[in-house]
Amino acid sequence: MKKRYLLPLVLFALSSCSKDFLNQKDPNAIQIEDYFKSENDVLLAVNGLYQTLRSGSTIGEGSTLYNEERSDNTGRNDNQSNAGEPFQFNDFSLLPSNTYLKTHWAAMYAGISRCNVVLSHINDVTFSSEELKGRYVAEAKFVRALLYFHMVRKFGDIPLSTVQVTTKEQANELAFRQKEAVVYEQIIKDLTEALSSNLPNTQKEYVVGRTSKAAINAILGQVYLTLGATQTAGSAGNFAKAEQYLSAAYQMRTFGKLSEIPYTEVFDLTKKNICKELVFQIQYKQGDQNFSSSIARNYQAKGDTINSKYPSTGVGEVVKLDLIKDYEPQDLRKDFSVKFAKDPQVNDWYVSKFRDNSDAAGTNGWGGNDWILIRYADVMLLLAETKYHLGKEAEAIALLDQVRERAGLPSYATSILNNEYRTKYPTVKAAILHERRVELAFENQRWFDLIRNYNPQELVTYFKTKNQADYGNAKISNISTKDRYYPIPFDEYKLDPQRMYQNPGY
Amino acid sequence: MKIKANNVFWLLCAIAASSSAVQAKPLTLTNSQFLLVQNPVRGRVVDAQGHAVSGATIQNLKSKKSVQSDEKGNFQIDAEIGDSLGVSYVGFSNLVQPIAQSNGQLFVLQTNENTLEEVTISIGYQKIRKSDVTGAIASVKAEELNLSAPKLSQALVGKVAGVQVMQTSGAPYDGTKIRVRGMGSINAGSDPLYVIDGYPAGNNLNINPNDIESIDILKDAASAAIYGSRAAGGVVLITTKRGKEGKNNVDYEVLGGFGQLSKKIDVLNAEQFIDLLIDGRNNSYKDLLVAKGITWNDSRRYDDNKTRIGNVGNAGSVSIPEEYYDFATGTAKQSKYDTDWQDALYRNAPFQRHNLSTYGGNEKNRYFLSGSYQNQQGIMLGTDQKVFNFRANIDSKVSKRLTVGANVSFTYNDNNEVTTGRYDRSPSMAALIYLPTLPVYNEDGSYAQYLMAGLSANNYGIQNPENPLAYVTQVKNNRRGKKGLYNAFADFSIIDGLNLKVNGGLSTYDEKYDYFRPTSISDGNNKPYSPQAITAAYADAKTKNEVDKLLETTLNYNKTFGEKHQISALLGYSAQRTDFDYQGVRANGFNSNAIGEITDKGADPSNFQLLKDDTFKRITTLQSYFSRVNYSFDSKYFLSASIRTDGSSRFGPNNKWGTFPSISGGWTISKEDFYTDWLGQQSTLKLRASWGRSGNNNIREYRSVSVFNSPAGVILGDKVSTAYTAGDLYDPNLSWETTSQYNAGLDLGLLKGRLNVMANFYLSRSFNLLFDQPISAVSGSTTILTNLPDSKVQNKGVDLQVDATLIRKSDFELGISGNINVNRNKVLDLGGSSTILTNGAERSYLTHITQEGSPIGMFYGFKVLGVATEDNYKTVAPSAASSTPLQPGDLYFEDVDGNGIVNDADKRVIGNPHPNFTYGFALSTRYKEFDLRASFNGSQGNKVLDGYDYYLYNMEGSGNQYADVAQRYRSAQNPGNGKVYRASRGGTQSNSTRLSDFYLQDGSFLRMTNIALGYNMPKSIAEKLSLSGIRVYATVDNPFTISKYKGYNPEPDYNQRGNLTPGVDYGLYPLVRSYNLGVKVTF
């Protein structure tokens, strides 16, 4: 009687437990430790590194806030939007607690850590050819070096990690600021090693949007130039190396003279996959709601449709009068790069350099502009700057003249006879800096150019000579030597105030 | 049949009226000793009011024979005079009474509510007598609930000491928030665990309030520890009604009424708004000119927009729409409209509920069946909810040793919802900031759309919400959910006192959510039907599929030794697994609004996308062993101990298992010989003490192993390529958060049980806190969910419950009950983690601080010293972050460190979001057939950050503002009320983009949550209608709230943005005041 009922109950009670009941794996995602199995897995993870670069919080289009809007080229007059935080960059009133600053810092390190994951696991996979593996390694090292190069220039001493972080304890150990020199050593190491791969010389020989030896050389050259210009020790050697790598990049070009490529063609969407000037770019897809560029529509001011068919309602990307006044008369680049919005509710200059008002982009402004990270005018002017430092003034001027010629401007030798030009740009160095400003305006080069060419005190002096009325609502008088570097984001500093010491003045 | 039904009717009335400790004196029996011994004996069972009790069990204690009373309460049993009869019936105290007469003797049963004896309460897996309780358990019976409330949880508001039930939203589909004894966690959820008839069932509580028999809330950790790792937020045990032996009953109840906006917010009218707009623009123009070194003179006010923009740019800050300003004279133009947007958006919304239940049974089988339908329109246009409920609870005694049963319930709800939050998705917020100068309708009667956004698109610095009426009526937002709970059990008595119970069940939840944003809604600054509005149109279709399986085996042992030693022991095992399967897709490319489903998307395949956050499978499992022993001696001394071991799939491989012990004891002093009624005649006194440990595993699954993100896209070689990126760093050592709590309690029964007091003192400490700990970005993440070692959060407090019967006469009763909870929260140790700063409002800046030595989530910012005057504005410390120099009329802040500038270092705690105390009380009275009950709740001393004020109180004139903005500073001659700072569209020293105590408000309130008047029709009338009983009643929910708070509802939602940012009111659906009439008919 008893057993008749008891037995089924007990059986029922015991029948449910299986051994792995408590060990549940995420059915939607691959564990990092299980991911790397085939060559294709590595390829997709390397694609992921390029994907990181697309973000406006790293160095993609829309990352203007962290470069150009810090400089004297652009900047917002609106001190209200988003609690006035973006305004702080231009206003030199940047606080360590600025959330945009932290977002940038975090996104850059997230990208670096993704590179570290790939490099830490690439040996798990057996490759059909060592060359292929070498390429992927080179690409990962290039992206890592590029991100560190941006960071070290903006923040100075920064934490350096080249391994995958798997525990919070490990993260705490790595979270201390290393001297700029140490970071630069790692950048040079990565780039030099990347050069030893069998990557093609140009992206067109590989895949547009991926790196190439020309791109690696260009960055490595710029690294040495920056070191030479900003570090007193070993500057001669650094300039020599800069010349070596920038020349190597220059030699990899597939055109003769720069004037073969009209300025407007550099930004011409229909040429973006074949334009010989482009060395490395982040690609966007016209008309695609997920992968299109929005730079053309975002930069456009109300009342105009030159950038995009999108009907803008704001002021667009505001250009400082200070830059407008820096264009020489007859400079072909001016009318292409900037425009005055006549709409009574705007009444100001905006950036018109990035245009896609095609039907394919449409009234949604789904543009196809690629975001150019390296192009030959940049490489040539960097090389000119290097040669100037090495005392090779004639070679520097030759390069400078190529850029000026394309812009429809007289040669340096002619221009320097012009009183206004000579007053404004009394040295070859000043002339190159000026040329870079107008040639590469809005391409996120200006802030780096300024901090490479001026030490902190010179930087302050340079800004203070400017006319406030040409500068908009941001206050020039706020600048001080502290502004050479961004502050370490407050949250990061707070984790360890000793080892993550704050930059002076913040 | 009629008569029998009458009995039940009166029984129901008796139960309903007995909530305030009804204990009428027993009717005196007329003892007649002269009658001859007869066989059989006839008698009658009645309740205290003299109404018949049918179905009562009458046992001759000598012969052990038993019979049941009939519809009139009459019974007949073989017995002799002098024999003792035992009479028992559910809901009444057992009665033992000797037979004094062979015919017509009355056996009067006393209802057992609110007596310390015999009432049983659920303690999880077992029930015990209330008098045996050693922990802190709050019990609420169905009669005490406000059942006209559309939601069960709303019915609980203010009823239970130490349990804060908050009405945070008036949306028909939103529930309330429940917090038991403060916040112990900083990152993990703090919701209690809900257990319905023994089934731990998540917190989707669309249960029919009419099905509830009782609710028991395990407040202290010792009581809750039997639920182990899920119990740190307390446990709410819900028991539904079951069939009773006796006749079959049918109840039908209908309730109908309407709801309305419980409070209207005072905002500026059209004239005042235009004045603000002009004032703000001119002030901004002045500030910007002065900053550029251009001198200001008053004639600049006549500058037209073009001149203004030419001088300083910033069109949005300095230009004024021509229709509002006469530039030639510098004066305001009159507005054509003066719209009250709240009047337009809110309506009187009808409500109806039908409930039919039938229950009954015999010795072998018992049943309870119910069905209900509820249709509630929201007070906001376009919102409503329909709910269908069905329940069947069956018990069957298969044999002497085996009982089986099943609980089946099913709920279907169909909601039309609105979004909340920022003004562009929250119609309630949009209705407040929408300009009063704009009309609701066009002349043709259609909604006037895009008017405010049009001003925005023209750079006039105006916010751009769409007409909220157009928004709520055109946007589709529908959710349909099906919740089923299917539970069966078998209880087998192995030997006397030892039972094996197997409980197995399935809980399912299926949901379909459809959203459609049509092309007829403006998209920010773009017109309805513009290409951008067409692009912005989208449809979401989301499905949720959840299946939860439970298997539970328990062994129960109950035994009394030597009369006085009573032991009850429990041993159990349970395994529970929940599978989540969610999908979400979004469709774009809509060219018409005719269909509004994902199927009508544009042809391009890229118009379909997977919503990553809404598409996943997850499994969570929990395996547990538990045991409890209760021992009591002579009903005087009580001892109880429990232990539970839980293993959870949510945690890292090294930390899967946790153990949660508890121990508690009680001493009923009043049963001691030495007690001798020193607190009064028939007084009772009991002391309790407990300690226990409970856990919190309220975190998402799979947070202990790092994974790759879902693939993203990158363009390489002009083609979309798939890209994999490594995801955030997860902690392989992730484990429980643990709460350890001491509780000491006192139960007092005074004045013959007419005054009952239950007091509890508790001290709880949570440690190993789960926290999104900031981590260096070198890890690839900025935070990691981890346990903070050595971290401790303390809650200590008192909760006190008092129930008093002031008057108890046969025709008139008056009772009062009240409760109060004082809780003090404090972070003792953050385990080496530094101070936690969080932002809790629509602001990128920080609003809350959590630091050692103070409560979680204190408001953090600047202290306002006053409004700067012509005399002092050059001498008080200016603010570092502001681009505009301090002017008269700006707020100025305390410069704590005295360095002459107000910056981050001068921020400090400026307010406490936690109340000094919360309380509730109720009055109930009955006069003859009429009864009246009024319930109140309140909170005292907490501050609220009004999230609306980012728009409603910024003096910018970019949208409408609170009415007291008219009292702002204008000039030295016209300084306003001395509190509200000057108008300016641009950044001023005092702007709303930082938190100062200017933006904190007193959140104290006292609310009448419900008042209900009922009338039970005399039996004679009911009988004429062939019914057993009729009750009619009228109720008002939330009739009034006394509070200084300017917004809709001072009761903020703690859940909205997590525990670290309490006390923020942000864009929610306003509360409803509702009026209802109901009729309940018993057949």
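User: What conventions apply here?
Analyst: The model is predicted, so local features need pLDDT of at least 70 and side-chain atom pairs count only at pLDDT 80 or more, while totals for chains, interfaces and linings use all residues. Residues are numbered from 1 along each chain as its sequence is written, chains are lettered from A and ligands numbered from 1 in the order in which they are written, and side-chain values use heavy atoms, with hydrogens and water left out.

User: Why are H19(A) and H20(A) called roughly antiparallel?
Analyst: Helix H19 (residues 428-439) and helix H20 (residues 446-453) of chain A pack at about 165°, with axes 10 Å apart. Helices are DSSP runs of H or I, at least four residues, numbered from the N terminus. Axes are lines fitted to C-alpha atoms over the stretch in contact, and angles run from 0 to 180 degrees between N-to-C directions. Angles under 35 degrees count as roughly parallel, over 145 as roughly antiparallel, 65 to 115 as roughly perpendicular and the rest as oblique. The pair is therefore roughly antiparallel.

User: Which residues make that contact?
Analyst: H19(A) contributes A:Lys429, A:Leu433, A:Arg436 and A:Arg437, and H20(A) contributes A:Arg446, A:Asp449, A:Arg452 and A:Asn453. Contact means heavy atoms within 4.5 Å. These residues divide into one nonpolar, one polar and six charged. Here Ala, Val, Leu, Ile, Met, Phe, Trp, Tyr, Cys and Pro count as nonpolar, Asp, Glu, Lys and Arg as charged, and the others, Gly among them, as polar.

User: What makes A:Asn67 count as buried?
Analyst: Buried means under 20% relative accessible area, exposed over 50%, partly exposed in between (1.4 Å probe, protein chains only). A:Asn67 has 2% relative accessibility and therefore counts as buried. A:Asn67 lies in the loop between helix H3 (39-53) and helix H4 (85-91) of chain A. Beyond four places in sequence, A:Asn67 contacts A:Lys154, A:Asn444, A:Trp447, A:Phe448 and A:Tyr486.

User: Why does B:Tyr471 count as buried?
Analyst: B:Tyr471 is at 7% relative accessibility, so it counts as buried. B:Tyr471 belongs to helix H10 (residues 468-474) of chain B.

Technical notes: Helices (H or I, at least four residues) and strands (E, at least two) are DSSP runs, numbered from the N terminus.
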